[in-house]
Amino acid sequence: ADVSVEVATVDHTLQKVRRKYHHTRHCRKRRSPKKRFEELWSGLWTYPYLVVVVVTAVVFAVVVTVWALLWVFTCRESNNGVYFAGMIRVANEEFIPEYRHADSTEFLSLAKKIELVLSNVYKGSSVAKLYKQAVISDLSNNNLGGVLVHFWMVFEVPQLKSPAVREEWVGAILRDSVLTSLQNRTSVGYLLDLPVDIESILINAAQRSDYTSTSSGSECLDKPYAPLPGTSVPLELDPPGGGVSCHIKLTSAPGSVVRLTISSFLIQPSDCVGDALTVYDSLLPMSARTLRAWSGTCSMSDLLSTNALCKCSFSGADDVCVSACSSHVETQEGAGYTGHIYSPFHPSLLPTKCICTWLFGTPSPSLGVSLKFHNYVLRPKDPNAHCTHGWWKVNDHMFCGSYVGYSTVFRISHPSPEVEFRCSSRQAQMPFQAAYGSYNLSQPCDQGHFLCSTGFCVERHQRCDGLDDCQDESDEHFCCTASCGGPSPPHPLYVCDGHSDCSNGRDELNCTQGTLRWDCVGTCILKKNARCDGVPDCQDRSDEEDCGCGLPSPVRKVGSFSNLDRIVGGSNSLEGEWPWQVGLLFSGNLYCGASVLSADWLISAAHCFSKERLADPRSWRAHLGMLTRGEARHVAEIQHVVVHEFYDASTFDYDVALLRLRRPWPASLAPLVQPVCLPTPSFTPGPLRPCWVTGWGYRSEGGSKGGSKVLPAVLQKAQVSLLSPSECKKRFHPVTARMLCAGVPSGAQDACNGDSGGPLACQASAGGRWFLMGIVSWGSGCGRPRLPGVYTRVSKLTSWIHQHIT
Ligand code: 4AZ
């Protein structure tokens, strides 16, 4: 109506609009609302109004967007999904064909049960708030029986806290929720009410993309099944591109294994760098179960020279098995190790079936062949037993391979031996490699050297020096044979250790009369427990050096009482009674015990830190000067953990670990925090001086007392007696020189789960110092009659300890 068109700035326009509106309101006759609306509406579409509306809308949109973005990135704590692939063997379940189909009622029912158990475990753990869900992805059969469960676990973690959920912790929570009994050393225990194999538990961090691409309904997932041995299932893996991962889950009939033959691997030019193929021994992409990985490493120039195609070909698995590991090998004289032989598919795991034959040749009939293995040993085959980690035939003599924690040299005293290796396990095993060389048949070791039973040569002066130079102690064995009947005294390590090493018993003579050999530097004296006994016996007083240890000063509080219903048959300790006792907490839970050795070193059991049991020092806190749980005088961080290099998780041999504190504990904590003394090789507790085991572990087997799992709040102590090695060997097998039995015949006093790593301390004499005789290691249940606890024999490991802490 009365609006004219003109070009104006926004300000100008606004003023005009205001003026006009003002004018309209005051000077016009009143009109009907409908008419007024029509006027306003048509007015809005005029140019100046339009500009105002558009500008306002744009400003509004910008403000809303900026605010929303700010909220997303700053105000709201954004959550990240953290994904883990897991595997566990459910022991009592028989695999049925229906389990292969994720939509079958049988699958769904078992999956639901397991998901519930996993959910209960994690919802009751320290990461309960972050746990979102567990999804069972596959159920498969396996050669150990039961059903192998492959699952995903999803945690929702605030972005800043992502590192808080780590694969070691997630795995540890699961493992620690399994109640096992050490009886019979079976690895099957109970995860709530589900019987599971603790050894089978494996948790690996994974990518979200792995989770989505392996879930049913994913764009590129195939699950071929070979129903009969020998069935060949052709596979073609042709990813659709765009960064999509494809997965093929291969399964075969129970009792058979899958053989995968890769005939060609074509890498497209554009994707060359990113293309990769990984084969896992699992139905989910678990890094720890990688069998083999190939990645597209071919460069663009390679591509050009091969017609813009990078082609990698692999021959059939059977061919590789025989041809790649069998060969004719020539050694050289005096040139050390000149080459290697490898297990088939090295460095992949060993296949379950294979045969390799190596024909060795040496340049002279006076030479033999030596094979140096890393962490693997060949031992003569017991005619009544099967080889479980490789069957070997060396010139018609049979050997079994086994994995050990040290290197070995296997010497074949023949100039041209034939060595045959057969895989002998129903499960894929670790690969091996051996360096080969020749040696002089008449003199395997150079002059001045001693031949260890590991096959290594060590310098002669290293024999019988108390140090394990051969890696299997063979340089320290039979050290007293020469002197058992001869003029010189038996080897000090074997004197009065309670073990008859000399056939004439000379090494154990006169021990009851209190005489014992003690080596001062250069000379020796005969006195029982001369070390740190307050009397300088050596001329240089070396026997009284570094003796600030092993003297507790217990405080009996008014009204304190002894409750004879604790540890297995133990009682409450007093404040300061065991000042070396340490509580080791992993993620806030008391896991193990330890003992103070010095201002910055603690000693504990290796099995508390073995691979599965969290080797990461950052996960641990040491609670020092603690009587009641949670009331430590000092909490220390651990800088690093030294697990004994020969620790054997299957036998618990060398079950010892040293923990270095990040910072020394303050000296002002004395006398409530004090080191325990380290025993000499010949230390024996004083007569009628029993030893004491201390800890906050369970009070009975299975941890239940009156039906509920209760851990004592106050540090418990129990008195136990040492058993002779021969008594110990009657109860358990194997008992090695690094083990020690202690208990009471009725079993009424004993260590139990949770006491592991803690001290078994013995007093040298009445009122004398306390020495760390043992470290709680293992046993058959807790508190059982005639089944003592087994401890790490510290006196056999003092040189290793000193090597690290001094
Ligand atoms: C344990 O699992 C454990 N009764 C420690 C000691 C004993 C048994 C078990 C000996 O930590």
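1. Helices (H or I, at least four residues) and strands (E, at least two) are taken as DSSP runs and numbered from the N terminus. On that basis, the secondary structure of the protein comes to 11 helices and 43 strands.

2. The model is predicted: local features need pLDDT of at least 70, side-chain atom pairs count only at pLDDT 80 or more, and totals for chains, interfaces and linings use all residues. Residues are numbered from 1 along each chain as its sequence is written, and side-chain values use heavy atoms, with hydrogens and water left out.

3. Of the 806 residues in the protein, 44% are buried. Buried means under 20% relative accessible area, exposed means over 50%, and partly exposed lies in between (1.4 Å probe, protein chains only). The protein exposes about 41,400 Å², of which carbon and sulfur atoms supply 55%; accessible areas come from the Shrake-Rupley method with a 1.4 Å probe, and for residues only the protein chains shown count as cover.

4. Among contacts (heavy atoms within 4.5 Å) with a separation of 6 or more, 65% join residues 24 or more positions apart.

5. Helix H3 spans residues 47–75 and contains Val66. This valine is partly exposed, at 45% relative accessible area. Together with Leu50, Val54, Val58 and Val62, Val66 makes a nonpolar surface patch of about 390 Å². Patches are made of residues with over 30% relative accessible area and no salt bridge, where like charges are joined within 9 Å and nonpolar side chains (Val, Leu, Ile, Met, Phe, Trp, Tyr) within 5 Å.

6. Helix H4 (residues 105–123) has 19 residues and reaches 26 Å from its first C-alpha to its last, close to the 27 Å expected; the expected span is 1.5 Å times one less than the number of residues. Buried residues in H4 include Phe107, Leu110, Ile114 and Tyr122.

7. Asp210 is buried yet has no salt bridge, and the nearest side chain of opposite charge, Arg208, is 11 Å away. A salt bridge requires a side-chain nitrogen of Lys or Arg within 4 Å of a carboxyl oxygen of Asp or Glu; Lys and Arg count as positive and Asp and Glu as negative, while His and the chain ends are not counted. Leaving aside residues up to four places away in sequence, Asp210 touches Trp152, His247 and Pro285.

8. Asp648 sits in the loop between strand E34 (634–643) and strand E35 (657–661) and is partly exposed, at 29%. Asp648 and Val404 are 244 residues apart in sequence, but 7.7 Å apart in space, C-alpha to C-alpha.
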